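Student: I have a new model to read. Can we go through it step by step?

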Amino acid sequence: TTDNKFDIAFGKDNSGNGIYVCTRDGGVRELQVSTTDVTSTDDWTDISIDGASANRRIMQVLWGARSDNTAAGTWMAVGNQTDQEIYRSIDGGANWSAIDLSGLTGHDSGVFINGIASDGQGNWMFGQANRIYYSTNDGASFAVSTPFDSGGGKGVPGRIHGIIYTNNSWVISYSNSSQHHVRSCAASDI
């Protein structure tokens, strides 16, 4: 297609075989899912996520192992928040369901979610503006933190742009007052 692609991730299908999922800027066919053979363009399936928004702009997709070690793991896709939802697949990318975030305090329908991470044990985290969203149930639901002062004591909230899990730590990158910052916390102390 002529639409922009934003991200691609490697993970597993329903049988535990390796596949890729690619995100796309559009209101239909927002995701493309490969078979185990990615050498042919004929072997990719377009996925249209049901919903009201005309343009979801899925910015990132990621696979993570599930807490019960189910072969398919969990796929999560995040982006535009017009519908205040992120998307989850627990059958290897074949079907996607919306996770409603509208009831979480401070969630902003006008601010994109640009990053999401998994610890590979069923816990997920993403950020929006100056709040952290965290799931302990394989991405089925999320809780949100209180806002943190990311301005180095200046009282000005920053904006989270990326997140990763590594070495038993969650690490976020964010901007504030035209400066880039990084924060981390132990997995046991979010």
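Student: Which residues does A77 touch, leaving out those up to four places away in sequence?
Tutor: This is a predicted model. A touch here needs heavy atoms within 4.5 Å. Neighbours up to four places away in sequence are not counted. That leaves L31, I58, Q60, V61, I86, Y87 and W96.

Student: Which residues have the most contacts inside the largest nonpolar core?
Tutor: Nonpolar side chains tend to be buried together in soluble globular proteins. The largest nonpolar core in this model has 14 residues. Those with the most contacts inside it are V21, L31, V61, W75, A77 and W96.

Student: Is N69 buried or exposed?
Tutor: Start with its place: N69 lies in the loop between β5 (58-64) and β6 (74-79). Its phi is near 65°, a positive value in a residue other than glycine. The cut-off for exposed is over 50%. N69 has a relative accessible area of 66%, so N69 is exposed.

Student: What is the phi of N168 near?
Tutor: N168 is found in the loop between β13 (159-166) and β14 (169-176). N168 counts as exposed, at 56% relative accessibility. Its phi is positive, in a residue other than glycine. The value is near 60°.

Note on methods: Residues numbered from 1 in each chain as written. Predicted model: local features only at pLDDT ≥ 70, side-chain atom pairs only at ≥ 80, totals over all residues. Heavy atoms only, no water. Helix = DSSP H or I, 4+ residues; strand = E, 2+ residues; numbered from the N terminus. Buried < 20%, exposed > 50% of the residue type's maximum accessible area, 1.4 Å probe, protein only. Core = buried A, V, L, I, M, F, W, Y, C linked by side-chain atoms within 4.5 Å.
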